[in-house]
Amino acid sequence: MKIACISGSPNAGGNNEKMTDMVLEIVKERGYGTDRIFLSNLRVEPCTDCGTCKKSRDCPIDDDMKDIYKKLETSDAFIVSSPVFFGSLSAQLKALFDRTILLRRNGFLLKGKIGAAMAIGGSRNGGQEFTIQAIHSWMHIHGMVIVGDASHFGGIAVKPFESDKEGSKTVKDTANILCDTLSRLK
Ligand SMILES: Cc1cc2nc3c(=O)[nH]c(=O)nc-3n(C[C@H](O)[C@H](O)[C@H](O)COP(=O)(O)O)c2cc1C
């Protein structure tokens, strides 16, 4: 079984990628395959609502979504991380989310997969919970099954991530609950 780890930050080597790297280590240790989708090095244009994917499983935008669609479709679970930008998720992650309407319109291909979310901000109470809710909305609308950190809503951290012990615990707990849930399905 495979877990796709998505970082929605535009910054290579930034806090979201550090948080996601922590998850990747845990998931690998627990014996799961992984896919790494780091939006800092991928080009994902926003959806234009052209309607092409209503008629066939095709998107006319030529960018990295082609490869991302395959990774999403072949994964059993997702852990999605976003920086808090003005109290919500990044534009880069929103662009990815909107483009996945192709998978919903062509057979609800993400339905039943397991999802978990993480958010990191510059302030302790900067909008992480709302950002996680926005990620959860994407998961719900695809029919995914959502897990948190078995205490609250998922990974919630403040930058710099490496100094945030409390936040790191929510990230580790979220990764472990995701693996526990997948192991029940094996
Ligand atoms: C445009 C912009 C808006 C931001 N808005 C918020 C915010 O509303 N709340 C907050 O806590 N941090 C905010 N931040 C800080 C980022 O969430 C923070 O720098 C985050 O850790 C970046 O993650 P990264 O290092 O992975 O890119 C904002 C940063 C930018 C660039």
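Helices (H or I, at least four residues) and strands (E, at least two) are DSSP runs, numbered from the N terminus. The structure is a predicted model, in which local features need pLDDT of at least 70, side-chain atom pairs count only at pLDDT 80 or more, and totals for chains, interfaces and linings use all residues. Residues are numbered from 1 along each chain as its sequence is written, and side-chain values use heavy atoms, with hydrogens and water left out.

Ser88 is located in the loop that runs between strand S3 (77-83) and helix H4 (91-99). The residue is buried, at 16% relative accessibility; buried means under 20% relative accessible area, exposed over 50%, and partly exposed in between (1.4 Å probe, protein chains only). Accessible areas come from the Shrake-Rupley method with a 1.4 Å probe, and for residues only the protein chains shown count as cover. When residues up to four places away in sequence are not counted, Ser88 touches Pro83, Phe130, Thr131 and Ala134, where contact means heavy atoms within 4.5 Å. Phe86 is placed in the loop between S3 and H4. In contrast to the buried Ser88, Phe86 is exposed, with a relative accessible area of 91%. Helix H4 contributes Leu93, Ala95, Leu96, Phe97 and Arg99 as buried residues. Strand S1 (2-7), S2, H3, S3, H5 and H6 are the elements against which the buried residues of H4 pack.

Backbone geometry was examined next. Most residues other than glycine have a negative phi, and most peptide bonds are trans. Phe86, which is not a glycine, has a positive phi of about 50°. A positive phi, near 50°, is also found for Phe108, a residue in the loop between H5 and S4. Phe108 is partly exposed, at 34% relative accessibility. The peptide bond joining Lys159 and Pro160 is cis, with omega about 0°. Pro160 lies in the loop between S6 and H7.

Side chains of opposite charge can pair when their charged atoms come close. The structure contains 11 salt bridges, each defined as a side-chain nitrogen of Lys or Arg within 4 Å of a carboxyl oxygen of Asp or Glu. One of them pairs Arg30 with Asp180, with 2.6 Å between the closest N and O atoms. Arg30 belongs to the loop between helix H1 (15-29) and strand S2 (33-38) and Asp180 to helix H7 (residues 165-185), so the pair ties together parts that are 150 residues apart in sequence. Both partners are partly exposed: the relative accessible area is 33% for Arg30 and 31% for Asp180.

A salt bridge also joins Glu73 and Arg57, whose closest N and O atoms are 2.8 Å apart. This pair links distant parts of the chain, with Glu73 in helix H3 (residues 65-73) and Arg57 in the loop between H2 and H3, 16 residues apart. Glu73 is partly exposed, with a relative accessible area of 31%, and Arg57 is partly exposed at 41%.

Arg124 and Asp164 form a further salt bridge through their side chains (3.0 Å, N to O). Here too the pair links distant parts of the chain: Arg124 is in the loop between strand S4 (114-121) and helix H6 (128-141), and Asp164 in the loop between strand S6 (155-158) and H7, 40 residues apart. Arg124 is partly exposed, with a relative accessible area of 38%, whereas Asp164 is buried at 5%. Apart from neighbours within four places in sequence, Asp164 is in contact with Arg124, Ile156, Ala157 and Val158.

The surface carries a patch of positive charge in which Lys54, Lys55, Arg104 and Arg105 gather. Patches are made of residues with over 30% relative accessible area and no salt bridge; like charges are joined within 9 Å, and nonpolar side chains (Val, Leu, Ile, Met, Phe, Trp, Tyr) within 5 Å. Lys and Arg count as positive and Asp and Glu as negative, while His and the chain ends are not counted. The place of a charge is taken as NZ of Lys, CZ of Arg, CG of Asp or CD of Glu. At least two residues of the positive patch come from each of helix H2 (52-55) and helix H5 (101-105). Arg105 lies in helix H5 and is partly exposed, with a relative accessible area of 32%.
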